[in-house]
Amino acid sequence: VQLQASGGGLVQAGGSLRLSCAVSGLSRRSLNSYGMGWFRQAPGKEREFVARIFWVSGRETYADSVKGRFTISLDNAKNTVNLQMNMLKPDDTAVYFCAAARSTVSYIEDYNKPRGYDYWGQGTQVTVSS
């Protein structure tokens with residue numbers, strides 16, 4: 001399984017960026033058993049949960065810090081997970097990672113923790129200037 005994240009860059013506060021994560025190595029049927037997450041990690045800080053979505057249902061969950069500004073979505077035709085980020089703030093500056101998790105019982109509790117995920121992409125830098 002491979003995850004390829006893209007779309008990061010430099011943007012001014014209040015601007016928008018759209019991240020994408022292409023998933024390969026899993027059939028469309030297998031993906032129905034997975035949840036997809038976005039995490040971020042700022043320098044000197046721990047990796048933190050941003051958002052997640054289930055392939056089978058499209059159900060979304062967000063961290064409080066991004067709720068109302070970020071939207072996670074699926075492109076089923078391309079096996080891609082997107083993260084639309086609006087009203088960006090300097091505090092959103094971080095390396096953003098996409099991740100995939102088998103929807104097991106443990107994922108119910110660990111969906112917002114890095115240990116809840118089985119596969120990770122390489123990360124893409126997002127920098128928001130003030």
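In which loop does Pro 114 lie? In this predicted model, Pro 114 is found in the loop between α2 (105–110) and β10 (119–120).

**Pro 114**
- With a relative accessible area of 33%, Pro 114 is partly exposed, because that class lies between the limits of 20% and 50%.
- Leaving aside residues up to four places away in sequence, Pro 114 touches Phe 39, Arg 47 and Trp 120.
- Pro 114 and Gly 37 are separated by 77 residues in sequence, and their C-alpha atoms are 9.3 Å apart in space.

**Asn 79**
- Asn 79 has a relative accessible area of 15%, which is under 20%, and therefore Asn 79 counts as buried.
- When residues up to four places away in sequence are not counted, the contacts of Asn 79 are Cys 21, Ala 22, Val 23, Leu 26, Arg 28, Leu 31 and Trp 55.

**Largest pocket**
- The volume of the largest pocket is about 160 Å³.
- Its lining is formed by Arg 40, Gln 41, Ala 42, Lys 45, Glu 46 and Glu 48, together with Pro 90, Asp 91, Thr 93 and Ala 94.
- By residue class, the lining of the largest pocket comprises five charged, three nonpolar and two polar residues.

Definitions and conventions
Residues numbered from 1 in each chain as written. Predicted model: local features only at pLDDT ≥ 70, side-chain atom pairs only at ≥ 80, totals over all residues. Heavy atoms only, no water. Helix = DSSP H or I, 4+ residues; strand = E, 2+ residues; numbered from the N terminus. Buried < 20%, exposed > 50% of the residue type's maximum accessible area, 1.4 Å probe, protein only. Contact = heavy atoms within 4.5 Å. 1 Å grid on protein atoms, 1.4 Å probe; cavity = no way out; pocket = protein on both sides within 12 Å on 5 of 7 lines; lining within 4 Å. Points joined across faces, edges and corners; volume = space filled by probe spheres on them. Nonpolar A, V, L, I, M, F, W, Y, C, P; charged D, E, K, R; others polar.
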